[in-house]
Amino acid sequence: MLQLGRRAEEFMDDWSGQEERPGVMERVGGIEARVGGIEARLTCVEHDLYPNSGESLRDAVDLANSRLARLCPDEEGEPPSPPGVSHR
């Protein structure tokens with residue numbers, strides 16, 4: 001029972017935040033702070049996945065694709081060729 005009590009106490013310390021101990025890194029701020037950090041990072045990733053005012057990675061990919069399409073238009077009725085393969 002004593003060992004189970006210690007394990008439960010360690011879990012609660014990890015959940016609420018705890019200083020470093022042998023074999024366990026420091027848990028700053030507990031679960032709420034860690035989840036908040038994950039949510040902030042996810043917001044940054046989501047910003048780059050969807051078109052917005054031209055600042056996202058998605059906008060850069062769309063711009064590159066439109067420029068490439070103007071430089072290398074596909075011939076009608078033909079599927080795009082794999083890189084390095086020519087139909088001519």
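This is a predicted model: local features need pLDDT of at least 70, side-chain atom pairs count only at pLDDT 80 or more; totals for chains, interfaces and linings use all residues.
Q: How far apart are the end C-alpha atoms of helix H1?
A: Let's start with what to expect: the span of a helix is taken as 1.5 Å times one less than its number of residues. H1 covers residues 2-16, which is 15 residues, so it should span 21 Å. The model agrees with this, as the end C-alpha atoms of H1 are separated by 21 Å.

Q: Is Val 24 buried or exposed?
A: Val 24 sits in the loop between H1 and H2. Buried means under 20% relative accessible area, exposed means over 50%, and partly exposed lies in between (1.4 Å probe, protein chains only). Because its relative accessible area is 18%, Val 24 is buried.

Q: Which residues form a nonpolar patch on the surface?
A: A patch takes residues with over 30% relative accessible area and no salt bridge, joining like charges within 9 Å and nonpolar side chains (Val, Leu, Ile, Met, Phe, Trp, Tyr) within 5 Å. One member lies in helix H2 (residues 30-49), and counts as partly exposed because its relative accessibility is 46%. Together the members have about 410 Å² of accessible area, found by the Shrake-Rupley method with a 1.4 Å probe, where for residues only the protein chains shown count as cover. They are Leu 42, Val 45, Leu 49 and Tyr 50.

Q: Which residues does Ser 56 touch, not counting residues up to four places away in sequence?
A: Ser 56 is in the loop between H2 and H3, and it is buried because its relative accessible area is 3%. Contact means heavy atoms within 4.5 Å. The residues that Ser 56 touches are His 47, Asp 48, Tyr 50 and Pro 51.

Q: Which side chains meet in a salt bridge?
A: A salt bridge is a side-chain nitrogen of Lys or Arg within 4 Å of a carboxyl oxygen of Asp or Glu, and the count comes to one. With 3.0 Å from N to O, the pair is Arg 58 and Asp 62.

Conventions
Residues are numbered from 1 along each chain as its sequence is written. Side-chain values use heavy atoms; hydrogens and water are left out. Helices (H or I, at least four residues) and strands (E, at least two) are DSSP runs, numbered from the N terminus.
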